[in-house]
Amino acid sequence: MSRAAPAPVAPYASLAPVYDRLVGDARFELIWEAFRRSCRHHRIGFRSLADIGCGTGRFLHRLSRNPALRLCGVDRSAAMLRVARRRLAGRGVRLLRQDMTRLALPEPADLLTANFCTLNYLTEPAALALALRALAANSHCNGYLIFDIILGGTTGRTPSAVRQLIEAPALHAVWDIRPAPRFEGTIVSTFTCLHGTRGSNCAQEVHLQRWWPAATLLPALARAGFRVLGLHRLADHAPPGPGDRWVQVVARRG
Ligand SMILES: C[S@@+](CC[C@H](N)C(=O)[O-])C[C@H]1O[C@@H](n2cnc3c(N)ncnc32)[C@H](O)[C@@H]1O
């Protein structure tokens with residue numbers, strides 16, 4: 001008799017312990033270099049920074065080498081924050097469990113960041129508008145916002161169905177990536193099994209991401225009170241061409 005598949009758990013609830021090993025580590029240096037390049041290029045100085053969708057805290061960990069910075073991380077996933085809390089123990093970084101559409105920082109920040117396509121998790125226009133307004137409300141007047149995002153509406157390749165099989169020590173995973181049904185974007189169903197001394201722990205997650213066209217995103221930023229200073233291809237800081245999807249946006253409030 002076949003058993004019914006278990007109901008999906010919340011995004012990152014089961015992936016958090018292996019997130020860095022499977023995706024976070026591989027992308028980190030690229031995102032870090034793009035961040036440093038934009039800080040230099042736009043002459044962005046800051047004493048306080050809040051990383052929205054901070055995940056496992058890798059970016060904050062690198063920033064915390066500078067003890068003069070006031071750092072805060074926000075994420076809606078309790079499991080990701082557990083990993084971040086361990087990584088950042090003793091480093092004076094404040095971690096908050098919040099949804100970015102209702103962001104409420106203890107104090108406004110000089111610079112807000114949202115790395116590795118966190119804003120693609122906003123899949124409805126109302127949620128995008130709420131989140132951008134919340135980001136503006138939690139940054140200083142003239143504060144900066146830097147985030148990377150996958151854009152829709154480009155001439156780049158549209159997503160096709162892909163199955164990834166992942167085998168690693170103490171880990172077996174099957175990830176199905178398909179085009180999202182209602183809008184341009186992806187729906188990723190992950191089935192991940194972690195094998196430990198007390199047996200195997202398997203869980204399914206569903207990740208829905210929307211690829212916002214620049215023609216929607218840029219006016220939404222303006223309505224929230226952000227002025228866009230730059231749009232850069234993440235890989236090399238060049239101006240994005242019509243087929244480029246993964247870009248970094250640098251904006252300033254006011
Ligand atoms: C792709 S991960 C990126 C994590 C981290 N920024 C990095 O660079 O590795 C996206 C993160 O955004 C968080 N996230 C997604 N939607 C969110 C929301 N509405 N509010 C707060 N966090 C959110 C997820 O829980 C996850 O940790």
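This is a predicted model: local features need pLDDT of at least 70, side-chain atom pairs count only at pLDDT 80 or more; totals for chains, interfaces and linings use all residues.
Helices are DSSP runs of H or I with at least four residues, strands are E runs of at least two, and both are numbered from the N terminus.

I noted the crossing of α4 and α5 as right-handed, meaning that the near helix is turned clockwise from the far one by less than a right angle. On the α4 side, the contact uses Leu-128, Ala-129, Leu-132, Arg-133, Leu-135 and Ala-136. On the α5 side, I found Ala-220, Leu-221, Arg-223 and Ala-224. Contact here means C-beta atoms, placed from the backbone, within 7 Å. The residues of this contact divide into 8 nonpolar, no polar and 2 charged. Nonpolar covers Ala, Val, Leu, Ile, Met, Phe, Trp, Tyr, Cys and Pro; charged covers Asp, Glu, Lys and Arg; the others, Gly among them, are polar.

**Ground rules**

I kept the numbering from 1 along each chain as its sequence is written. Local features need pLDDT of at least 70 and side-chain atom pairs count only at pLDDT 80 or more, while totals for chains, interfaces and linings use all residues.

**Helices α1 and α3**

Next I checked α1 (residues 16-41) and α3 (residues 78-87), whose axes come within 8 Å and cross at roughly 75°. That makes α1 and α3 roughly perpendicular. Ala-16, Pro-17 and Tyr-19 of α1 meet Ala-79, Met-80, Arg-82 and Val-83 of α3. By class, I have 6 nonpolar, no polar and 1 charged residues in the contact of α1 with α3.

**Two strand residues**

I picked Leu-194 in strand β8 (residues 185-196). Leu-194 has 17 other C-beta atoms within 10 Å, so it is partly exposed. The cut-offs are 20 or more for buried, 12 or fewer for exposed and partly exposed in between. Beyond four places in sequence, Leu-194 contacts Pro-17, Val-18, Ala-170, Leu-171, Ser-200 and Asn-201.

Arg-233 lies in strand β11 (residues 226-233). With 16 C-beta neighbours inside 10 Å, Arg-233 is partly exposed. Its contacts, leaving out residues up to four places away, are Ala-238, Pro-240, Asp-244 and Val-247. I also took the C-alpha distance from Arg-233 to Ala-129: 24 Å, for 104 residues along the sequence.

**Positive phi**

Most residues other than glycine have a negative phi. I found a positive phi of about 55° at Phe-116. Phe-116 is in the loop between β4 (109-114) and α4, and its 20 C-beta neighbours inside 10 Å make it buried.

Ala-170 has a positive phi too, near 60°. Ala-170 sits in the loop between β6 (162-168) and β7 (171-179). With 11 other C-beta atoms within 10 Å, Ala-170 is exposed.

**Whole protein**

I logged 5 helices and 12 strands. Of the 254 residues, 33% count as buried. Among contacts with a separation of 6 or more, 69% join residues 24 or more positions apart. The C-alpha atoms fill a box of roughly 60 × 45 × 30 Å along the principal axes.

Definitions and conventions: Two residues are in contact if their C-beta atoms, placed from the backbone, lie within 7 Å. Axes are lines fitted to C-alpha atoms, for helices over the stretch in contact, and angles run from 0 to 180 degrees between N-to-C directions. Angles under 35 degrees count as roughly parallel, over 145 as roughly antiparallel, 65 to 115 as roughly perpendicular and the rest as oblique.
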